[in-house]
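Here is a short walk through one protein model, with cut-offs given along the way. Have your viewer ready and follow along.

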Amino acid sequence: MRGRRLRRSAAGARPAAPVRLLHLGLGSFCRAHQAWYTDVAPDAGDWGYAAFTGRGRGDLPERLAGQDGLYTLVTRAGDGDAVDLVSSLSTVHSGEDHGSWLGFFRSPDLAVVTVTVTEAGYRRRADGALDVDRDDVRADLAALSHDLAAPVRTAPARLVAGLAARRAAGAGPIALVPCDNVPSNGAMVDRVLRDAARRVDSGLTEWLDAHLSVVTTTVDRITPRPLARDIGAVRAATGFEDLCPVVTEPFREWVLSGAFPAGRPRWDAVGATFTDDVTPYENRKLWLLNGGHSLLAYAGSLRGHLTVDEAVGDETCRGWLDEWWDVASGHVPQPAGGLAAYRTALLERFANPRLRHRLEQIGTDGSQKLPIRILPVLRAERDAGRLPAAATRVLAAWVCCLLGLGAEVIDVRADDLRGLAAGPLPDAVRRAIHALDHELADDAPLVDAVVAQSRALASGARA
């Protein structure tokens, strides 16, 4: 039996708040994180989101629009679910709706833009600069050079187009808040934006200096892809037919550093942390949680596991995880007691059997994730004259997946990576590491260790 249609009037939700927030990258994570924080803030009635998909694909905007922007957040703990209605999305749009995108930027009411487009979405080179050799980046820059309002597709170009529209409208200052798992994500986004801005309008960078604040953040909330059965579970719990529920875990964290010149919701009143330096939080999260996830994604899939809880329940994988955490924790500038407590909490989160966080989802875009989740620790260890098996094992497991032995490789560079992994294993390993870091590929002992571990992992891989 189908439930009632989810609409604001039928569900007793508050009216849509005025749009003062804009989001790029509409998906499950932003709805479990930034939109949730906004929804439960004490001044939520004053702060509505206009949310846009990052790539213009799928029918999520249409499904959400048919529900007045409402959706159900299922917080899945080990002992049961909590079900909440989230109403902070005042309007939702496809990424292809460029006219509406520019229109919101032109509004003086808009105060904050948040972004979740994943590591790959910023179109960066290995050195952090905008990758102007990419066809899509080149096409967008050419379009904006001719017309700053021209439709564009890449995230950097869309942000530049929006900021140019705001400048032209005299709409005032604004804060940009990237929420992707990238180190120093504020500085990273600022560099990419300015690389693009300089190429399309030399005067725009001066306006950015005076009107744009880029906030650095650390975000944390495990959000697996929802399954078809979650729709039925929400229907049973609420009586409403929600076509786009979100499933998440109880834990959440949001750490922010930077100015909000046009104001912001009272996120601090509902648990967000504002600080002068996010680095300790950032490194702890990237290296322990995300690095641990990457290890389990590749090594766990080689052992036949499909989800995080399955992998962490495997005694061998759990041992590898502890070894990695022992190494990585030595480079996180936080008290040992706090790190131990964080690790204990991570184990509980990873072992939650009801989340069903799939390893293939976590392993997506490894070529973008490993350089920030694993390589900083590995470089620091090599600088200290050490070669820990815990760090090289992650690379070996990734190489094995490139060889087709574990989780399917879903990566923005998938075709190139499969080609690099062809041929004799020592050559394949060297080329694969080179794709992540040129200098590490010249480290013969490191390459030899990855080769040896790749052979060992491949010999034990389960079909």
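Strand β13, covering residues 253–257, runs parallel to β14, and two bridges join the pair. Within this pairing, Val255 sits opposite Thr273 of β14. Helix α11 (residues 279–302) packs on the sheet and touches β10, β13 and β14, with its direction at about 40 degrees to that of β10. Here contact means heavy atoms within 4.5 Å. Angles run from 0 to 180 degrees between N-to-C directions, using lines fitted to C-alpha atoms, for helices over the stretch in contact.

The sheet is open and mixed in its pairing, with three strands in the order β10-β13-β14. Both β10 (216–220) and β14 (273–274) are edge strands with a single partner each, so one side of each has no neighbour in the sheet. Two strands count as paired if DSSP finds at least two bridges between them. Helices (H or I, at least four residues) and strands (E, at least two) are DSSP runs numbered from the N terminus.

## How to read the values

This is a predicted model, in which local features need pLDDT of at least 70 and side-chain atom pairs count only at pLDDT 80 or more, while totals for chains, interfaces and linings use all residues. Residues are numbered from 1 along each chain as its sequence is written, and side-chain values use heavy atoms, leaving out hydrogens and water.

## Around Ser90

Ser90 belongs to strand β6, residues 89–93. With a relative accessible area of 18%, Ser90 is buried; the label means under 20%, with exposed over 50% and partly exposed in between (1.4 Å probe, protein chains only). A polar atom of the Ser90 side chain lies 2.6 Å from the backbone oxygen of Ala17. Beyond neighbours within four places in sequence, Ser90 contacts Arg8, Ala16, Ala17, Val19, Gly48 and Tyr49.

The largest nonpolar core has 66 residues, of which Leu296, Trp324, Phe350 and Trp398 touch the most other members. Helix α18 (residues 389–402) gives the most to this core, with eleven residues. A second, separate core of 44 residues includes Val132, Ala161, Val182 and Val189. Such a core is a set of buried Ala, Val, Leu, Ile, Met, Phe, Trp, Tyr and Cys residues joined through side-chain atoms within 4.5 Å.

## Cysteines

How many disulfides does a search of the whole structure find? The count is zero, where a disulfide would be a pair of cysteine sulfur atoms within 2.5 Å. Cys317 is buried at 2% relative accessibility, and its sulfur is 11 Å from the closest cysteine sulfur, in Cys401, too far for a bond.

Notes: A polar contact is a pair of N or O atoms within 3.5 Å; within protein, one must be able to donate a hydrogen and the other to accept it, and residues adjacent in sequence count only if both atoms are side-chain atoms.
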